Amino acid sequence: MGDSDILIERLCPDGVKYRALREVATIKPGKDYKHLSAGDVPVYGSGGILTYVNECVFEGPTVLLPRKGSISNVFYVDGPFWNVDTIYYTVIDTAQMNPRFLYHVILNEHIENLNTSNAARPALTKAVLDKILIPVPPITLQEEIVRVLDSFTELEAELEAELEAELEARKLQFAHYRERIIKSSQADVVPLSTLAEIGTGSHDTKDAIDDGCYAFYARGVQPLRLNEYDYDEVAIITAGDGAGVGKVFHYVDGRYALHQRAYRLVPNQEKLLPRYFYHVLNAFFYDYIMANCVQGSVASIRRRMLDNFPVPLPTLDEQNRIVAVLDQFDALVNDIERGLPAEIEARRKQYAYYRERLLTFEEKRA
């Protein structure tokens with residue numbers, strides 16, 4: 001039995017009172033900061049820190065609760081800050097509630113499940129947040145639970161940082177190995193235009209719907225959805241402009257829809273295996289595009305760049321051998337079930353489990 005268990009048994013033998021959030025903290029809205037000058041006071045939105053200004057709207061400790069946008073994000077701030085209208089701050093009654101304890105409780109509530117918006121952008125209202133039931137054990141017990149959870153959070157963060165550093169090292173190792181094994185095939189280099197069909201889609205991002213039947217590939221890492229498809233094939237999709245140029249690649253086998261500024265590259269499989277081509281693009285395409293792309297406010301690809309992209313082309317047997325080796329390494333690095341990302345996710349789940357256990361109390365009856 002841990003110290004917190006002993007304290008619960010000693011201080012709360014009959015259970016713990018639960019109060020609505022509005023009884024332990026007052027929720028306050030945010031406002032615009034554009035009239036302020038630059039400074040060292042952080043400005044928070046629901047996605048995190050936006051910028052820094054020279055004035056504060058309040059000085060913590062406080063718990064910031066999202067109003068719209070990234071409604072799973074909750075922040076603890078101990079010091080001066082400003083908040084915009086996408087996030088609330090709280091004035092906490094410290095006589096009955098340790099601010100850090102409230103932060104852990106709110107994290108445990110998964111407030112993203114309280115979404116009140118039917119639109120694409122999720123939202124939370126003050127009225128809904130005010131009704132969240134908060135356990136209010138004695139301050140002594142709150143402080144002990146905070147000590148345990150903060151210690152666990154710190155340890156979890158250190159372990160996660162180590163795992164992420166190892167994952168990044170694995171990715172760099174894989175990138176080096178991938179480039180080396182493809183180059184070692186000593187294949188002839190052939191322009192892509194002779195090996196693949198190249199084209200773009202016709203849709204715009206605004207066409208996307210939340211629950212569409214088919215993947216809709218635009219220019220980002222995460223596919224959107226549509227209820228119609230444009231193609232049924234094996235292809236590699238890459239961004240035509242924006243931040244994803246030379247970095248975003250989707251391997252597609254089946255029906256999909258395509259954005260007007262994303263490219264579909266459909267290999268002639270009698271010459272070029274799609275998985276081999278996928279690895280070639282990941283190995284060499286970014287450097288090639290950065291050397292040849294149109295540089296404006298964002299990088300942009302032109303068709304001739306794709307036509308002229310040099311593809312090392314060994315025999316199909318050699319392509320198969322390279323794919324077998326690289327796919328195994330790729331799975332180790334990127335597969336959430338088999339690689340290090342799964343271990344990182346396990347650490348997060350472990351923290352969530354202990355947090356829930358420590359913050360679950362029997363309710364005291366009147």
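Reader: Which residues of helix H9 are buried?

Author: Buried means under 20% relative accessible area, exposed over 50%, and partly exposed in between, with a 1.4 Å probe and protein chains only. In H9, the buried residues are Leu340, Pro341, Ile344, Tyr351, Arg355 and Leu358. They cover an arc of only 125° around the axis, which puts them on the same side of H9; the arc is that of the directions from the helix axis to the C-beta atoms. The face turned away from this buried side carries the exposed residues Lys349 and Arg357. This is a predicted model, in which local features need pLDDT of at least 70, side-chain atom pairs count only at pLDDT 80 or more, and totals for chains, interfaces and linings use all residues. Residues are numbered from 1 along each chain as its sequence is written, and side-chain values use heavy atoms, with hydrogens and water left out.

Reader: Where does Phe58 lie, and which residues does Phe58 touch?

Author: Helices (H or I, at least four residues) and strands (E, at least two) are DSSP runs, numbered from the N terminus. Phe58 lies in strand E5, residues 58-59. Contact means heavy atoms within 4.5 Å. Not counting residues up to four places away in sequence, Phe58 touches Gly79, Pro80, Phe81, Tyr89, Thr90 and Val91.

Reader: Why does Phe58 count as partly exposed?

Author: Phe58 counts as partly exposed because its relative accessibility is 24%.

Reader: How many residues apart in sequence are Phe58 and Arg170?

Author: Phe58 and Arg170 are 112 residues apart in sequence, and 43 Å apart in space, C-alpha to C-alpha.
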